[in-house]
Amino acid sequence: MYEVKKSQAGYIFDLPRERIAFLFRREGVYLMYHDENILCYSINPLNIEISEIIEFERMGTLPEIIRKIKSGVYPESCIVKNLPPIDNTLEMYNPYRKCVVKFTGFRDTVIDYIWCGDLVFAVARYVDEPERECRYIGKGDYKVAAVLLKRGGKCLDKESFTRELKKCIERNPKK
């Protein structure tokens, strides 16, 4: 079942590795969709009925446009990108995956993350340059990794990140 967040600006429907976001603007409805492998977002308003979004929230019935995207048929005004594989240091822990896209002020970025105790372990990578990455550990939001990547902030190297992750997993075994 999707977790739903809504505001006057739009709706966000979340699963651990999938997000469907509808943004309401004066000129129409914009869409951002990603799953584990694909990022798709509209650069122009799409023909989406608000009633379909409300029906999705109430009954779980996917809007037609999302069914098409999931089957590999993308709207003409959408940018579609393949996402890099899940970060290998987090892969065995079944991480969450979220994307931030350029119309939010970021370059298209994918973030893989897990929570361990009260810490988030996150790896942000540019979709078009996955070798550029930022590894972050902290009590803040997983999006901090994307902010640090964007600003050239202090990021952890892979060895330090992996070492701290293993320590945390040992201190916080799953029950």
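The model is predicted, so local features are described only where pLDDT is at least 70 and side-chain atom pairs only at pLDDT 80 or more, while totals for chains, interfaces and linings use all residues. Residues are numbered from 1 along each chain as its sequence is written, and side-chain values use heavy atoms, with hydrogens and water left out.

## Two nonpolar cores

Let's start inside. A nonpolar core here is a set of buried Ala, Val, Leu, Ile, Met, Phe, Trp, Tyr and Cys residues joined through side-chain atoms within 4.5 Å. Buried means under 20% relative accessible area, exposed means over 50%, and partly exposed lies in between, using a 1.4 Å probe and protein chains only.

The largest nonpolar core holds 18 residues, and those with the most contacts inside it are Phe13, Ile20, Phe22, Leu31, Ile48 and Ile66. Two or more residues each come from β2 (10–15), β3 (18–25), β4 (28–34), α1 (50–59) and α2 (64–70). These labels follow DSSP runs, numbered from the N terminus: helices are H or I with at least four residues, and strands are E with at least two. A second, separate core has 15 residues, including Tyr126, Cys134, Ala145 and Ala146.

Not counting residues up to four places away in sequence, Ile66 touches Ile20, Phe22 and Leu31. Ile48 sits in the loop between β5 (38–42) and α1, and its relative accessibility of 8% makes it buried. With neighbours within four places left aside, Ile48 is in contact with Phe22, Val29, Leu31, Ile53 and Ile65.

Ala21, in strand β3, is also buried, with a relative accessible area of 15%. Beyond its neighbours within four places in sequence, Ala21 is in contact with Tyr11, Ile12, Tyr30, Leu31 and Met32. Leu62 lies in the loop between α1 and α2. Setting aside neighbours within four places, Leu62 is in contact with Tyr2, Ile20, Phe56, Arg67 and Lys70.

## Some C-alpha distances

| Residue pair | Apart in sequence | C-alpha to C-alpha |
|---|---|---|
| Leu62 and Glu52 | ten residues | 7.8 Å |
| Ala21 and Glu129 | 108 residues | 24 Å |
| Ile48 and Arg151 | 103 residues | 35 Å |
| Glu131 and Met1 | 130 residues | 33 Å |

Strand β7 (residues 96–100) has four of its five residues buried, so it is largely enclosed by the rest of the structure. β8 is mostly covered too, with seven of its eight residues buried.

Two strands pair if DSSP finds at least two bridges between them. β7 and β8 (residues 109–116) pair in the antiparallel sense over five bridges, and within that pairing Cys99 has Val110 of β8 as its bridge partner. β8 also pairs in the antiparallel sense with β9 (residues 119–126), over eight bridges. There, Val110 stands opposite Arg125 in β9. Two residues lie between the strands of the β8 and β9 hairpin, where Gly117 takes a positive phi near 60°.

## The second largest pocket

Rolling a probe the size of a water molecule over the atoms shows where empty space is left. On a 1 Å grid over the protein atoms alone, a pocket is an open set of points with protein on both sides within 12 Å along at least five of seven lines, and lining residues have an atom within 4 Å of a point; a cavity is a set where a 1.4 Å probe fits but cannot get out. Points are joined across faces, edges and corners, and a volume is the space filled by probe spheres set on them.

The second largest pocket has a volume of about 200 Å³. Its lining consists of Tyr93, Asn94, Tyr96, Ile114, Trp115, Cys116, Gly117, Ile169, Asn172 and Lys174. β8 gives the largest share, three residues. By type, the lining divides into six nonpolar, three polar and one charged.

One lining residue deserves a second look. Asn94 is placed in the loop between β6 (78–82) and β7, and it counts as exposed at 55% relative accessibility. Its phi is near 55°, a positive value in a residue other than glycine. Most residues other than glycine have a negative phi.

Methods
Contact means heavy atoms within 4.5 Å. Ala, Val, Leu, Ile, Met, Phe, Trp, Tyr, Cys and Pro count as nonpolar, Asp, Glu, Lys and Arg as charged, and the others, Gly among them, as polar.
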